[in-house]
Amino acid sequence: MASLLHLPFIFLITFLLISPAISHNCWSQSFSNNTHFDNCTHLPSLKSSFHWTYNSTKSTLSFAFIAPLASSDGWISWGINPITPAMIGTQCLIAFKVPNGSIVIKTYDLTSYNSITHTNKLFFTVLDSKAEYSNGVMRIFATLVLPANMTAVNHVWQVGPAVKDDMPVVHKFDPDNLKSKDTLNLATSSGGDGKNTTAPVSAGGDGQSGNKTGGSSRIWNNDASFYVFAMFLGVLFL
């Protein structure tokens with residue numbers, strides 16, 4: 001049994017282990033309008049997260065992408081590369097503030113590291129989209145219609161410093177920026193009839209917004225389970 005002298009140390013371990021589990025897992029995030037998603041993941045770069053529901057019957061992907069801005073005048077983007085998980089060739093939605101203070105979402109083609117083109121000709125269809133901003137964090141909500149029988153998407157996300165004449169200024173080429181790409185398996189996370197399988201969470205703060213969507217997602221991440229287990233072992237061996 002741990003002595004009373006060990007109690008401060010135990011409390012310190014508890015705080016250090018559980019605090020990261022709470023702050024770094026996407027299940028703790030909540031959105032306005034009480035919308036929620038079937039799945040979420042803490043993305044491996046740019047302190048971002050991705051929440052989504054895939055309806056295999058309708059081939060629709062509803063999602064929320066969340067990331068802190070690189071600067072107060074910055075932008076965030078999420079997109080799909082139809083060929084490979086790489087930045088070049090990605091078609092994306094980019095959210096940013098315009099001079100009147102509102103937030104817009106526009107679609108772009110990334111043709112090279114130094115060239116981006118505004119386009120509405122995408123291989124997917126955007127049914128609806130919305131962006132929100134609060135406390136230095138921007139969120140993109142959208143519902144896309146993907147090509148039929150698509151089982152996975154190569155998704156690419158990014159943040160940048162500014163926007164000039166409706167064109168995003170090039171982002172940094174730090175390691176965190178360059179590894180912001182992955183493959184999302186839709187087949188193992190299908191919502192089928194589109195009904196959400198996770199319990200709804202009460203709505204969070206509002207912030208600035210533009211267009212249409214919102215939500216919350218709750219999943220107990222394996223990382224959190226690891227931290228709790230590690231805390232248990234630490235206490236056991238004291």
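Residues are numbered from 1 along each chain as its sequence is written. In this predicted model, local features need pLDDT of at least 70 and side-chain atom pairs count only at pLDDT 80 or more, while totals for chains, interfaces and linings use all residues; side-chain values use heavy atoms, without hydrogens and water.

The chain contains 3 helices and 14 strands, taken as DSSP runs numbered from the N terminus (helices: H or I, at least four residues; strands: E, at least two). Of its 238 residues, 42% are buried (buried means under 20% relative accessible area, exposed over 50%, partly exposed in between; 1.4 Å probe, protein chains only). Among contacts (heavy atoms within 4.5 Å) with a separation of 6 or more, 64% join residues 24 or more positions apart.

Tyrosine 54 lies in strand 2 (residues 49-55). This residue counts as buried because its relative accessibility is 4%.

Phenylalanine 173 is located in the loop between strand 12 (167-168) and helix 2 (175-178). With a relative accessibility of 41%, phenylalanine 173 counts as partly exposed. Together with Ile88, Tyr113, Val169, Val170 and Leu178, Phe173 forms a nonpolar patch on the surface.

Technical notes. Patch = residues over 30% accessible without salt bridge, like charges linked within 9 Å, V, L, I, M, F, W, Y side chains within 5 Å. Areas by Shrake-Rupley, 256 points an atom, 1.4 Å probe, with all protein chains shown as cover. Salt bridge = Lys/Arg side-chain N within 4 Å of Asp/Glu carboxyl O.
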